[in-house]
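Please read the points below with the model at hand.

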Amino acid sequence: MTRIRVLLVDDDPLVRAGLSLMLGGADDIEIVGEAADGAEVTALVDRTRPDVVLMDIRMPSVDGLTATETLRGREDAPQVVVLTTFHADDQVLRALRAGAAGFVLKDTPPAEIVAAVRRVAAGDPVLSPAVTRQLMAHAAGDPGPVGIRRSRARDRVAALNEREREVAVAVGRGLANAEIAAELYMSVATVKTHVSRILAKLDLNNRVQIALLAHDAGLLEETDTP
């Protein structure tokens, strides 16, 4: 059995100890290192080669957002799961835009954190449809340069064909693959193929970024129009 290699990054030693205890008890997970600040992450990743990094957002020197952006810019990037005390704050949203595969709350039950690590290692995002919709609502309230972001997003999604665009919108609505398959009258395998093509065409890391790009381009608003 291939074990999932996990790196823990949090400035609170008690949090790291708790995560190490709960994850270390799983037969298929190995804790390969710990860091107390984002400044230590790059060197530790080079040394330990983790599959998944559990990353705290708020740290004193280099925060988790900066560390996530640095890691996801690498060719051999590990998956990153953000650790947070908030469901959908601005920093979580920015981390997801940077390529994090999802997030878990620090008070999440141990079994769910273990399951989240397994899902991310398998290439699935750690965001339920309900949380995806919550993030979309949060993004809608972002006071940033909406016009510029929308224009850039629309230029990018123009590369998609009609079917891929439909799938991207469904992902943006928080639908799971089986739900997309039922709604668009295709197999789950075909949905997965379309998602993979969308990721490749738009140079995105995961379906969370597809959802955010669909929102930025205004595609979700178009589906709400009578």
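1. A helix here is a DSSP run of H or I with at least four residues, and helices are numbered from the N terminus. By that convention, helix 7 provides 5 residues to the lining of the second largest pocket, the largest share.

2. The model is predicted. Its chain contains 12 helices and 5 strands. Of the 226 residues in the chain, 48% are buried. Among contacts in the chain with a separation of 6 or more, 67% are between residues 24 or more positions apart.

3. The second largest pocket holds about 280 Å³ of space. Its lining comprises 15 residues, and those closest to the centre are R97, R149, R156, L213 and D216. Two or more lining residues come from each of helix 7 (146–157) and helix 11 (207–216). By class, the lining has 7 nonpolar, 2 polar and 6 charged residues.

4. How do helix 4 and helix 11 lie, and at what angle do their axes cross? The axes of helix 4 (residues 90–97) and helix 11 come within 9 Å and cross at roughly 105°. Angles of 65 to 115 degrees count as roughly perpendicular, and the two helices, helix 4 and helix 11, are therefore roughly perpendicular to each other.

5. In this contact, helix 4 contributes L93, L96 and R97, while helix 11 contributes V208, Q209, L212 and D216. The contact of helix 4 with helix 11 consists of 4 nonpolar, 1 polar and 2 charged residues. R97 and D216 take part in this contact, and both are also among the residues closest to the centre of the second largest pocket.

Note on methods: Residues numbered from 1 in each chain as written. Predicted model: local features only at pLDDT ≥ 70, side-chain atom pairs only at ≥ 80, totals over all residues. Heavy atoms only, no water. 1 Å grid on protein atoms, 1.4 Å probe; cavity = no way out; pocket = protein on both sides within 12 Å on 5 of 7 lines; lining within 4 Å. Points joined across faces, edges and corners; volume = space filled by probe spheres on them. Nonpolar A, V, L, I, M, F, W, Y, C, P; charged D, E, K, R; others polar. Axes fitted to C-alpha atoms, helices over the stretch in contact; angles between N-to-C directions. Parallel < 35°, antiparallel > 145°, perpendicular 65-115°, else oblique. Contact = heavy atoms within 4.5 Å. Buried < 20%, exposed > 50% of the residue type's maximum accessible area, 1.4 Å probe, protein only.
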